[in-house]
Structure formats: C-alpha cells, structure tokens
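Please keep the sequence and the structure in view while reading.

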Amino acid sequence: MTARELDAAGIHEPGLRAAYTHCRDLNARHGKTYFLATRLLPVDRRPAVHALYGFARWADDIVDDLDSTATATAAERAAALTALEAQLQSGLRDGRATEPVIRALADTASRHSIDHRHFADFLASMRSDLTVTGYASLEDLGGYMHGSAAVIGLQMLPVLGTVTRHEEAAGPAAALGVAFQLTNFLRDVGEDLDRGRLYLPADLIAAHGVDRARLEWSRRTGARDPRITDALRAFAAHTRTVYRQALPGLGMLDPVARPCIRTAFVLYSGILDAIEAEDYTVLHRRAVVPRRRRAVVALDGLARALVARAPARHRPKTVNARRPAPLARTIITGIAAPVRGEAA
C-alpha cells in the first residue's frame with residue numbers, strides 16, 4: 001500500500017519515498033486509530049498527512065515522553081527542541097534535510113503551500129510545555145492552543161482541500177483542532193495532574209469553588225466533590241461550543257476528504273458524551289467511547305468514503321455491514337479498538 005500511496009502522490013525520488021515511508025511507519029506504530037482513520041482519505045492525500053503526523057509526534061516525544069525510563073531533564077528537552085527547530089528551518093529553506101521526518105515535512109509544505117509559520121507556532125507551544133504547568137484563563141489557554149492545536153487544523157487544510165475559499169474554511173479548521181485538544185484535556189485531566197500539568201483554566205474552575213489543590217486531592221484520594229463535577233461540566237460545555245464553531249467546516253472540505261474528518265469529529269465529540277455518561281469521573285478513570293459505537297462510526301465513515309470516491313454511475317448504495325471487505329474490517333476493527341497512550 002505504501003508504494004501505491006507514494007505513486008499516487010507523485011513522490012518518485014527514492015530518498016524522499018524512504019522519508020515518507022518512515023513517517024508512515026511512525027503513524028502506524030504510535031497513532032493506530034489516527035493511522036486507520038487516515039486510510040479513509042484518498043491514497044494521494046495520505047503521505048502528506050503521515051509527514052505532518054511524524055513531525056508532530058517527534059516534537060511531542062521530546063516534550064512529553066511517557067516512557068517510564070525517560071530521564072531527560074527540561075534543559076535537555078529544550079536543547080532537543082532547539083535542534084529540531086534548526087533542522088526544520090534548514091529543511092524548509094532548501095529541502096535538503098538529512099533527517100527523514102524533516103525531509104518529508106519540507107516536501108509536504110512545498111507541495112501543498114503550507115504556511116511555515118504554523119510549524120514555528122507549533123514548536124513555540126511545545127516549548128512552553130517544558131515550563132508552564134497551568135493557565136489562569138481561557139484566554140491564556142487559547143494562546144497556547146493556537147500553536148498546539150489550531151495550527152494542526154490549518155496545516156491539514158491545504159492537504160484535504162476545500163470547495164470554498166481557503167480563508168473561509170480556515171476558522172472552522174482551526175476550531176476543530178482546538179475542539180479535539182480541549183476534549184483531550186478533559187479526558188486526561190487526571191493523568192496530566194500526575195505529570196504536574198493542568199490545562200483547565202484557573203478562572204473557570206474557580207467560578208465553581210474549585211482550585212488545583214482540590215483537583216489533586218480528588219485525584220489522590222478518589223473522593224468526589226460536586227463542585228468539581230460542576231467545573232468539569234462547564235469545561236465540557238465550552239468544548240461543545242467550539243465543536244459547534246467547527247461543524248460548518250466539514251461541508252467546506254473536498255467531498256473525498258469529508259468522511260475521514262467527519263469520522264474523527266463524531267468519535268472525538270463522542271468522548272464528551274462518554275464523560276457525561278460517567279458523571280465526569282475523569283479524575284479517576286479515562287472515559288472511552290464504547291467499542292460498538294466506534295465500530296458503527298467507522299463503518300459509516302468507510303461507506304461515505306467509498307461513495308465520495310466513486311464516479312456517480314458506479315457509486316455503491318451501501319457497504320455490507322455483515323461481511324465487510326478485508327480493508328473495511330481492518331479500519332473498523334482498528335478504530336473500534338480502544339487505544340491508550342497514542343498521540344491524538
């Protein structure tokens with residue numbers, strides 16, 4: 001499948017093909033659900049998405065390696081980010097990077113005219129994670145999320161393609177990246193506290209009589225507090241507002257790209273439903289979308305993808321849900337399986 005994707009994307013030079021293949025392998029190994037959702041895209045779009053993922057994964061691993069044996073200090077991680085930034089700037093300037101991820105990323109940025117500022121903004125937010133452990137307000141958090149989440153949507157937009165002007169689709173695309181990250185913040189609040197970070201704004205939780213110390217107490221003891229539940233519910237309500245801002249963007253995408261992004265939209269917003277159904281117990285356990293629900297969404301996404309790609313006279317009316325083809329089973333099974341510890 002790799003050769004087919006690269007041929008379709010017009011990537012023929014052997015070294016560049018190897019660089020993209022390396023990014024694809026990173027995606028398949030570390031972002032299984034994301035990787036399988038990417039297969040809902042047309043084959044010629046996939047290499048660029050793998051390159052964007054590979055770069056984000058590399059930076060995230062520098063900042064937040066969850067390997068229990070990791071011993072790098074904050075200063076060492078900062079130095080590694082500086083080195084990555086230097087390689088990025090060089091690769092974007094002349095496209096001659098020796099590091100595979102940077103070479104694939106530079107080629108993707110050139111082919112799809114991706115604004116280089118998005119990569120710089122992303123690295124700036126990654127760097128802040130080395131020293132910033134909390135945010136005073138939603139406005140402060142929004143500054144961080146511009147680089148860590150909004151720019152991801154903006155990077156993806158030229159690859160996915162639109163049926164409207166790019167400028168019109170940019171706002172919803174950025175909002176979708178933010179909505180996904182806000183969902184992660186709520187789902188992972190307990191785990192983030194364990195790592196010394198809190199992404200729930202202090203002013204939002206204080207409005208419900210909650211502070212960081214109370215959250216840490218609840219995480220440590222397993223005790224519930226209705227004030228905490230109210231604060232988490234308020235954060236979820238804000239997140240749903242951002243999803244509503246992102247929703248019009250789905251119809252602005254190239255029709256062949258919509259099924260992939262719609263699938264991600266439904267699955268991620270479904271995490272909020274799971275959190276609500278479990279009465280906001282995220283400090284004590286991670287909420288997961290039920291496997292059956294994930295399978296239904298994956299099957300729907302596959303059906304939509306097949307319809308979008310087929311010429312009008314050959315479009316299938318439905319997908320056989322009882323006996324899907326091997327690729328369909330792979331995508332459905334992979335997306336349906338709950339995957340923990342992978343990058344978003």
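## Arg77 and its polar contact

A polar atom of the side chain of Arg77 lies 3.3 Å from the backbone oxygen of Val63. The model is a predicted one, and in it Arg77 is found in helix H5, which covers residues 74-94. With a relative accessibility of 13%, Arg77 counts as buried, because the value is under 20%.

## The chain as a whole

The secondary structure of the protein chain consists of 16 helices and zero strands. The chain has 344 residues, of which 50% count as buried. When contacts with a separation of 6 or more are considered, 72% of those in the protein chain are accounted for by residues 24 or more positions apart.

## Packing of H8 against H9

How do helices H8 and H9 cross? Helix H8 comprises residues 138-160, and helix H9 comprises residues 166-187; their axes come within 7 Å and cross at roughly 125°. The two helices are therefore oblique to each other, since this angle falls between the 65 to 115 range that counts as roughly perpendicular and the values over 145 that count as roughly antiparallel. The crossing of H8 and H9 is right-handed.

On the H8 side, the contact is made by Leu141, Tyr144, Met145, Ser148, Ala149, Ala150, Gly153, Leu154, Leu157 and Pro158, while H9 contributes His166, Ala169, Ala170, Ala173, Ala174, Gly177, Val178, Gln181, Leu182 and Phe185. Divided by class, the residues of this contact are 15 nonpolar, five polar and no charged.

## Packing of H9 against H14

Helix H9 also meets helix H14, which spans residues 258-277, and here the axes come within 10 Å and cross at roughly 30°. Because angles under 35 degrees count as roughly parallel, H9 and H14 are described as roughly parallel to each other. The crossing of H9 and H14 is left-handed.

The residues of H9 that make the contact are Leu176, Phe180, Thr183, Asn184, Leu186 and Arg187, and those of H14 are Ile261, Ala264, Phe265, Tyr268, Ile271, Leu272 and Ile275. By class, the contact of H9 with H14 has 10 nonpolar, two polar and one charged residues.

## Leu123 in helix H7

Leu123 lies in helix H7, a helix that covers residues 117-128. Its relative accessible area is 5%, so Leu123 is buried. Which residues is Leu123 in contact with, leaving aside its neighbours within four places in sequence? They are Phe55, Ala59, Leu81, Leu84, Glu85 and Leu88.

## The loop between H6 and H7

The loop between helix H6 (100-112) and H7 holds Ser113, and Ile114 also has its place in the loop between H6 and H7. Ser113 counts as exposed because its relative accessibility is 63%, whereas Ile114, at 4% relative accessibility, counts as buried. The phi of Ser113 is near 55°, a positive value in a residue other than glycine. Most residues other than glycine have a negative phi.

Leaving aside its neighbours within four places in sequence, Ile114 is in contact with Leu52, Thr108, Ala109, Phe119, Gln155, Pro158 and Val159. The C-alpha atoms of Ile114 and Met156 are 8.5 Å apart in space, and the two residues are 42 residues apart in sequence.

## Two further loop residues

Ser137 lies in the loop between helix H7 and helix H8 and is buried, with a relative accessible area of 15%. The side chain of Ser137 reaches the backbone nitrogen of Asp140 at 3.1 Å. Apart from its neighbours within four places in sequence, Ser137 is in contact with Pro201 and Asp203.

Tyr280 is found in the loop between H14 and helix H15, the latter covering residues 291-309. Is Tyr280 buried or exposed? Tyr280 is buried, because its relative accessible area is 8%. Tyr280 is not a glycine, yet it has a positive phi of about 60°.

Key: Residues numbered from 1 in each chain as written. Predicted model: local features only at pLDDT ≥ 70, side-chain atom pairs only at ≥ 80, totals over all residues. Heavy atoms only, no water. Helix = DSSP H or I, 4+ residues; strand = E, 2+ residues; numbered from the N terminus. Buried < 20%, exposed > 50% of the residue type's maximum accessible area, 1.4 Å probe, protein only. Polar contact = N/O pair within 3.5 Å; in protein donor to acceptor, adjacent residues only side chain to side chain. Contact = heavy atoms within 4.5 Å. Axes fitted to C-alpha atoms, helices over the stretch in contact; angles between N-to-C directions. Left-handed = near helix turned anticlockwise from the far one by under 90°. Nonpolar A, V, L, I, M, F, W, Y, C, P; charged D, E, K, R; others polar.
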